[in-house]
Amino acid sequence: QMIKGEIGYELSMVDPTLAEMGKNLNEAMKMLEDNQRKIEEENEKKYARNDIPGPLQGSGQDMVSILQLVQNLMHGEEEDESSQSYRLQNVGEQGHMALLGHSLAAYISVLNRERLRNLTTRILSDTTLWLCRLFRYENGSAYYHEDDREGLLKVCRLVIHSCYEDYTVEGFNVLYNKQPVIYISSAARTGLGQTLCSQLGLPLSCMCRVPCNTMFGSQHQMDVALLDRLIKDDINSGKLPLLLVANAGTPGAGHTDKIGRLKELCEQYNIWLHVEGVNLATLALGYVSSSVLAATKCDSMTLTLGSWLGLPAVPAVTLYRHEDPSLSLAAGLTSSQPVEKLRALPLWLSLQYLGHDGIVERIKRASQLVRSSSSSNDVLTFAFLSVGRGILLRIFLPSYLNKFILQTESEQLAQLVPASGVDVVELEDEGTCVRFSPLMTSAVLGTEVQDVDQLVDCLKMKIPILTCTLQLREEFEQEVKRTVGLSYIEDLSWPGLGVVRYNSDRKNDDKQEKEAEKINTGLLKKLNELESDLTFSLGPEFGGEKNCVYIGMVTEDLDVSELVETIAATGREIEENSRLLENMTEVVRKGIQEAQVQLQKANEERLLEEGLLRQIPVVGSVLNWFSPFQASPKGRTFNLTAGSLESTEPTYVSKVQGTGTTPPPTPTPNRIKQRLPGQKLFKRYLRSSDGFSETSSVSHTDDLEKMEQRSHSVSTVQEQGTVETEKAEQQNEIAQVTNDKTEDLQNR
């Protein structure tokens, strides 16, 4: 381009004609270059890849669209603003500091190597020192990791390197002659032993589960005497006891092992002691129980600060003591990469923001939420709990009902009190229980004392209802099985009284299911229209039985026999009405066909009486004018009561349409007992209830009997009136069908 410009400039100074030629040459070359560029762009579009995902196509998206997508994925498009603000406000300012740490770590990682190394060393050393001082673990080192099991895994590698000198060179061959053994409690978290063996490449025979106490002491603490015997047996069989995992707060119930005695046993047999659990958080408090304080003498411990302090996305920390840095590096507990050390940055920022007082206050508040309920550990576990001031009440349920009912109740409690953080756990001795662990949830959910009070109030309200429901389930089952037409459906996942189905007597298999669905749907509608405190539904949205009526929870004053009788009688009534309508429709259809035949016969008789001449259009009119023909009208009427065709001659004679004979009322079971004003259905008065005292129960019962006798005649008239009203409604419905059929016949 420069050459062309210089040539054009020089030519312009020499000859105008040559300058014009140079100008034309430049324009021609520009056109050729533009055409070449267009051809290249078209070729790129022609051979563009079609497998690029939609969000990546084109020149990218703007920041606002990307953040809007993230917001929709986080909260959902249909979620209201109140729930979004609730979730965001739980993060808090200390949470913002932790989130800021992740962004700063990405920014700091692009610094030059020397400055990055100095900064990461400072952050790592500060955070390690602070944590060791806060949790009374002197002269310790720290390993920061995302998975809370990763710290224990690295410690196991460190112990293997320490106990097997040739492990670095010979690898797993040195483990063959002297198999290592790792001891864990039977109350440890599920799958911990399998995970360690899998990640370390060890057989499951290297993992020894130590039972908890069965004769003396707590049933949730590791049996120290039995552990001693197991260690001796392993040593005698040529194995090498390697590591013991103790609990300062078991995952299920929060119990602490006898760490002091376990430490003595480990020192005797040269075994590494690792401690983990939620109760380690109390080491930061001024007063610490002796059982937890003994954990400060262990060889390593894992801290999960994120849940304890309500810090999002902060790593777990494993504190350990070891004098050989080379073995720590070989085990992966330390790293020479500066970027790896930036994992501590979110904690470094958050700990400075909270300060010592803020950290202690959060842990103390969580501990007080449990201790106000008179529990000796920092995880309050209950099957059903009614908490007074210092009272813990446990109600045991049948084992086959525990899991499903408590799972449902836990979900309901979580919805009623979202800040409680209750969940369901499986304990070896107690079975399925609902757990309230504020040390693990209160800092994240913002649990306050009023939330605990609300949780207790909900439990006080639900305990009697749940207990009565479970007590009446068997009576309800037996009553349903004794009742003709009803089937009891066993659904252990349903927390209510039970599940019942009305069975149709129809034998046709093709229509039986459809008939059952129709009847049970109508039965559910009728039951919900009754004035009762019970809830009737179709059951859970997924996994429930079809064509059934699910009955919810009940109170102790439920009259089970009346309830079952009402369900059976209502189902029979719906079935009879349905069949009556079907039968009457068939009768009406046959009656219309018979009426058509009789009307056709009457027309033929009328033709014979009038004669052939009267059927001729013109002649018939003249003949009728001279000699009118008087014929009595012969119509037909359909008697709905008798189900037969009748002549209309009596109607024309008396000028009044007859109503026919009224059928006798169909006998209906007296399923509704006499009730006092305001009394709901299916209720029976209890002598032990608040409304009855021991001195007034007899006189009150006499008053009830007199009232029943006084109102017996009135109730009889009312019941007869109700039956006649129902029959009248049925006749009106059938009459409407008949009128429709008659109009169709007339049109035809």
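1. Two strands count as paired if DSSP finds at least two bridges between them. Helices (H or I, at least four residues) and strands (E, at least two) are DSSP runs, numbered from the N terminus. On these terms Tyr183 has Cys208, in strand 3, as its bridge partner. Strand 2 (residues 180–185) and strand 3 are joined by four bridges in the parallel sense.

2. The model is predicted: local features need pLDDT of at least 70, side-chain atom pairs count only at pLDDT 80 or more, and totals for chains, interfaces and linings use all residues. Residues are numbered from 1 along each chain as its sequence is written, and side-chain values use heavy atoms, with hydrogens and water left out.

3. Strands of a sheet pair through backbone hydrogen bonds, either parallel or antiparallel.

4. Contact means heavy atoms within 4.5 Å; axes are lines fitted to C-alpha atoms, for helices over the stretch in contact, and angles run from 0 to 180 degrees between N-to-C directions.

5. Helix 11 (residues 224–236) has 13 residues and spans 19 Å from its first C-alpha to its last, close to the expected 18 Å. The expected span is 1.5 Å times one less than the number of residues. Its buried residues (under 20% relative accessible area; exposed is over 50%, partly exposed in between, with a 1.4 Å probe and protein chains only) are Val224, Leu227, Asp228, Ile231 and Asp234. Seen down the axis of helix 11, these residues fall within an arc of 130 degrees, so they line one face of the helix. The arc is that of the directions from the helix axis to the C-beta atoms. The buried residues of helix 11 pack against strand 2, strand 3, strand 4 (240–247) and helix 12 (259–269).

6. Leu345 belongs to helix 17 (residues 345–371) and is buried, at 2% relative accessible area. Leaving aside neighbours within four places in sequence, Leu345 is in contact with Gly101, Leu104, Ala105, Ile108 and Ile123. Leu345 and His102 are 243 residues apart in sequence, yet their C-alpha atoms are 7.4 Å apart.

7. Two backbone values deserve a check. Most residues other than glycine have a negative phi. Arg136, not a glycine, has a positive phi of about 60 degrees; Arg136 sits in the loop between helix 6 (113–134) and strand 1 (141–145) and is partly exposed at 33%. Asn547 has a positive phi near 55 degrees. Asn547 lies in the loop between strand 13 (536–537) and strand 14 (549–551) and is partly exposed at 22% relative accessibility.

8. How many disulfides does the structure hold? The count is zero, a disulfide being a pair of cysteine sulfur atoms within 2.5 Å. The sulfur of Cys298 is too far for a bond, because the closest cysteine sulfur, in Cys266, is 9.9 Å away. Cys298 is buried at 1% relative accessibility, and Cys468 is buried with a relative accessible area of 11%.
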